[in-house]
Every structure is written in C-alpha cells, then in structure tokens.
Amino acid sequence: MNPKVRDLYKKLLTVGHDYPLGYAQVRRKVKDAFLKNRNVQGEELKRAIHYGRYILNEMIGVIQLKKYRTLKRRYSQDESTTN
C-alpha cells in the first residue's frame, strides 16, 4: 500500500471519531471507498488522494461547525437567563 494512501486512511479514521454521524458510519464509508479504488495507480491515484484530502478537510469543517454551534447554543442560553 502506498504510504500516502495509508496516511490518508488513518487521518480519515482519526477525524471520524469526532464526526457527528458517528465513527461506525465513517469507518464503513471510508473502507468502502478505499476498497473501490484499490486498483488505482499513477495519475489517477494522485487525483484520488487529492479528493480524499478534500473530504478530510470538509469533515474537519463539519466537526468545527458542530462544536461552534454547541458552544453558541450553550452560552447564548446562559446569557438570556441572566438578563
């Protein structure tokens, strides 16, 4: 296995622990995607890795948005009760 592919797989699973839909669903989708593209080589492999990194960044963005909304909801309720 290409080291870049393995690194991407590990990063996706690590980020999947905090993903709102749950680790099990992320693991299943990542595994299916990697198995589907296991015979890819050359320039197509580079494109697949690039797309995987894009998905990783999107997942991180969703996680950050969820955390931000949770904090906003938590502290905006506290402010409204004190006023």
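Helix α1 holds both D7 and K11, which stand four residues apart, about one turn of the helix; helices are DSSP runs of H or I with at least four residues, numbered from the N terminus. The side chains of D7 and K11 form a salt bridge at 3.3 Å, N to O. A salt bridge requires a side-chain nitrogen of Lys or Arg within 4 Å of a carboxyl oxygen of Asp or Glu, and by this rule the count is one. The model is predicted, with local features needing pLDDT of at least 70 and side-chain atom pairs pLDDT 80 or more, whereas totals for chains, interfaces and linings use all residues. Residues are numbered from 1 along each chain as its sequence is written, and side-chain values use heavy atoms, without hydrogens and water.

The largest pocket has a volume of about 730 Å³. A pocket is an open set of points on a 1 Å grid where a 1.4 Å probe fits, with protein on both sides within 12 Å along at least five of seven lines, and lining residues have an atom within 4 Å of a point; the volume is the space filled by probe spheres set on the points. Its lining comprises 29 residues, with L12, V30, A33, F34 and N37 nearest the centre. Helices α1 (3-16), α2 (23-36) and α3 each give two or more residues to this lining.
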